[in-house]
Amino acid sequence: MFHVKLPGQDAIARQAGENLVTRRVKLPRRVVDRPLRQVGKRLLMALGVLVLTTFIVWIDRSGYHDNADGGVELLDAAYYATVTLSTTGYGDIVPYSDSARLTNILLVTPLRVLFLIILVGTTLEVLTERTREEWRLNRWKANLRDHTVVVGFGTKGRSAIQTLCATGLKKEQVVVVDPSAKVVETANAEGFVGVIGDATRSDVLLRAEVQKARQVVIATQRDDTAVLVTLTARQLNRGAKIVAAVREEENAPLLRQSGADAVITSASAAGRLLGLSVLSPSAGTVMEDLIQQGSGLDLVERPVKKSEVGRGVRETEDLTVSVLRGHRLLAYDDAQASPLQLTDRLITIVRAGGAASEGAAE
């Protein structure tokens, strides 16, 4: 029976007092003006319409009659423009000449309509935005297939996404799940769909459409959380490839027992790379280059080409380090690895930007 070893308090990467919002899907937003700037623009437009109407009335002031004193001054013109544009219309100042009435028909009435549009524009925009967001969300759900769900958008999650995108995965095929609204907003700003919520809950993962996902990357800050997320994800999707990261190596067997196809021990992996770099800085540099996808040398998995069937491992076009045959991983010097079969997959080292993209696409 396995027990999860919990990390220290410093591993809980959530700031105190941060508000957590659950079970929300946030699509990447288009670049728009800030709310205060939008409100400022609307106020300036409304003020401009008011000033223009006041000027029109004041120019033709001789055609208006004020029940109070008979004449129309600049203040009276501004007052008439205000009550007219707001459709209040007290009737104490009225146009009585033909020119004033014609001006009201041709100019003041259209300005009144424009003024009202500006005033109700915010409400209309909110309703339109909600409708648009709902439509985008429904279309996104309908078109989403074989995507990648990344649980946790910290350092590990970001690095995993960068590696996947470097091999040709589109940003539209990545869904980030994180309990922090701020983190999901950051993911949205980088072009990724985000789901706010606790990934240990099945309803949160269902909002990320995990049941239709091809692969799930679990990069949480706590090992116990990673175990629960793995169990939930495997229950919802039996065929997805699940890769999880843990901090403590002794928790890796529990992750595999929970349904993870591959488990990466982040602390141990970093320690081994440090030790290798101490023994041989050049070897450490090569290993770091292989891990960093898209630059220098890349470690990729690709199918065997028809021209390579029947040949030995050393006769392949790329530098082959392992052969994946069924569920067995054979080293390049294993006698059973050669000759190559059509159903085999090769783990090769290639130049970045060359066969790496081809292998990832296949």
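Buried means under 20% relative accessible area, exposed means over 50%, and partly exposed is in between, using a 1.4 Å probe and protein chains only.

## Basis of the model

This is a predicted model, in which local features need pLDDT of at least 70, side-chain atom pairs count only at pLDDT 80 or more, and totals for chains, interfaces and linings use all residues. Residues are numbered from 1 along each chain as its sequence is written, and side-chain values use heavy atoms, with hydrogens and water left out.

## Salt bridges

A salt bridge here is a side-chain nitrogen of Lys or Arg within 4 Å of a carboxyl oxygen of Asp or Glu. By this rule the model has eleven salt bridges. One of them pairs Glu-301 with Arg-345, with the closest N and O atoms 2.6 Å apart. Glu-301 sits in strand β10 (residues 297-303) and Arg-345 in strand β13 (residues 345-351), so this pair ties together parts that are 44 residues apart in sequence. Strands are DSSP runs (E, at least two residues), as are helices (H or I, at least four), and both are numbered from the N terminus. Glu-301 is partly exposed, at 32% relative accessibility. Arg-345 is partly exposed too, with a relative accessible area of 26%.

## Around the β10–β11 loop

Asp-318 forms a salt bridge with Arg-302, and the closest N and O atoms are 2.9 Å apart. Asp-318 lies in the loop between β10 and β11 (319-325), while Arg-302 lies in strand β10, 16 residues apart. Both Asp-318 and Arg-302 are buried. Arg-302, Glu-308 and Asp-318 are linked in a network of salt bridges.

Glu-317 bridges to Lys-305, with 2.9 Å between the closest N and O atoms. Both residues lie in the loop between β10 and β11, so the pair ties together parts that are twelve residues apart in sequence. Glu-317 is exposed, with a relative accessible area of 53%. Lys-305 is partly exposed, at 27%.

## Nonpolar cores

A nonpolar core is a set of buried Ala, Val, Leu, Ile, Met, Phe, Trp, Tyr and Cys residues joined through side-chain atoms within 4.5 Å. The largest has 31 residues, of which Val-149, Val-177 and Leu-255 touch the most other members. Helix α7 (residues 223-236) supplies the largest share of this core, four residues.

Leaving aside neighbours within four places in sequence, Leu-255 is in contact with residues including Asp-223, Ala-226, Val-227 and Thr-230. Contact means heavy atoms within 4.5 Å.
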